[in-house]
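Let's walk through this protein and its ligand together. Have a look at the sequence and the 3D view first, then we'll pick out a few spots.

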Amino acid sequence: MSKNILMLPGDGIGPEIVTQAQRVLEKLNKDLSLDLTLSSALVGGAAIDATGVPLPDVTLAAAKKADAILLGAVGGPKWDKIDMAIRPEKGLLGLRSEMQLFGNLRPAILYPQLASASTLKPEVVSGLDILIVRELTGGIYFGKPRGIRVLENGEREGYNTYVYNETEIRRIGKVAFEAAQKRGKKLCSVDKANVLEVTVLWREIMDDMAKDYPDVELSHMYVDNAAMQLVRAPKQFDVIVTGNMFGDILSDAAAMLTGSIGMLPSASLDINGKGMYEPCHGSAPDIAGKGVANPLATILSVAMMLRYSLEKPEAADRIEKAVSLVLDQGFRTPDIYSDGLNKVGTVEMGDAVIKALDNI
Ligand code: NAD
């Protein structure tokens, strides 16, 4: 049955990188008869300019109807001074919450060819391949009560609530165990169960769920140790699962191990595995329109889409191998360039990936 893919290019470099990712998807659609139907819609600043709001009803309706979504990036200085309620970022947050995209998957992969781009020693990070599964719609970022109140003595007090119920923990646990099954079959659950009751429950439920996934080896780690281990010996990890706040921090640390934000894809999934896929970076207004943005994070987001929402792992593998091949061949956009290699722009990098797809 035909599947609908919605492209949301957004702002800044968004349209440039999504165009290249779309070319890759269209090629695979044709070569492998994937039966995908592609359409596109406005989101973010582009939608504000055209309609006055960052997430027009027609875009939200198309997103809900689609089987998977590819987003470029939203935002930029042009819309920085407008009312907070209709900023471009609200378009993205609106999509995530309206579609209940609670499962955030952020791989941190360091292609051996780019080992020198990391701030860590090449032997510590070369070949790094971690997946962080972060709960995205709960935890302390959403818990109530929250606010800033004035105490009886007149002093102000800020407060938030760190809360997860069993259903929320189980649904992110399921995403993580299943992701581990598709990879190296090792899952590390990160918590602070020595201090926080909410994560005592988290740990209990992960242990209980492990009985249903006997092929996955589950371990637990406190978040402070996990932060240390990520920079000490990151290759010990396969899949990490954690709550919203710990995941926010750890996934940024893991991303930086790889050296370049232009290489990192991500996925946000709902309970049925439907997802929105996007590069980890923003709209890069400083380089927008110059034709130099690295499209590989967006192209790799297409690979994640094929693997996690469209059940086409062989097509995903082909993209990942093609990206590795173009790096072997020395193609580099400026963000990952080093002396002696072949400096290319956004379109040429897209061309190189498309050509590589025919050679693997
Ligand atoms: P950014 O990720 O856009 O850029 C940070 C730096 O990385 C810049 O120097 C940029 O040139 C570079 N960079 C980013 N992507 C690149 C790529 N593909 N190739 C080469 N270089 C790349 O972060 P920022 O500057 O903090 O934010 C810019 C705008 O993007 C803001 O309006 C912000 O709100 C928005 N933003 C959007 C998203 C999203 O849509 N998911 C995420 C983060 C930031």
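Predicted model: local features only at pLDDT ≥ 70, side-chain atom pairs only at ≥ 80, totals over all residues.

**How the helices pack**

- Helices here are DSSP runs of H or I with at least four residues, strands are E runs of at least two, and both are numbered from the N terminus.
- H1 covers residues 14–31 and H12 covers residues 346–357; their axes come within 9 Å and cross at roughly 15° (axes are lines fitted to C-alpha atoms over the stretch in contact, and angles run from 0 to 180 degrees between N-to-C directions).
- That angle makes H1 roughly parallel to H12 (under 35 degrees is roughly parallel, over 145 roughly antiparallel, 65 to 115 roughly perpendicular, and the rest oblique).
- H1 also meets H10 (residues 296–308), with axes that come within 8 Å and cross at roughly 40°, so H1 and H10 are oblique to each other.
- H1 passes H10 in a right-handed crossing too.

**Around the ligand**

- There are 19 residues around the ligand, and Val 74, Glu 89, Gly 282, Ala 284 and Asp 286 come nearest (a residue counts as near if one of its heavy atoms lies within 4 Å).
- That shell divides into 9 nonpolar, 6 polar and 4 charged residues.
- A backbone N or O atom of Val 74 sits 2.9 Å from a ligand oxygen atom.
- Ser 283 has a polar backbone atom 3.0 Å from an oxygen atom of the ligand.
- In the side chain of His 281, an N or O atom is 3.1 Å from a nitrogen atom of the ligand.

- Lys 144 and Pro 145 are joined by a cis peptide bond, with omega about 5°.
- You'll find Pro 145 in the loop between strand S5 (129–135) and strand S6 (147–150).
- Ser 33 isn't a glycine, yet its phi is positive, near 45°.
- Look for Ser 33 in the loop between H1 and strand S2 (36–40).

Conventions. Residues numbered from 1 in each chain as written. Heavy atoms only, no water. Polar contact = N/O pair within 3.5 Å; in protein donor to acceptor, adjacent residues only side chain to side chain. Nonpolar A, V, L, I, M, F, W, Y, C, P; charged D, E, K, R; others polar. Left-handed = near helix turned anticlockwise from the far one by under 90°.
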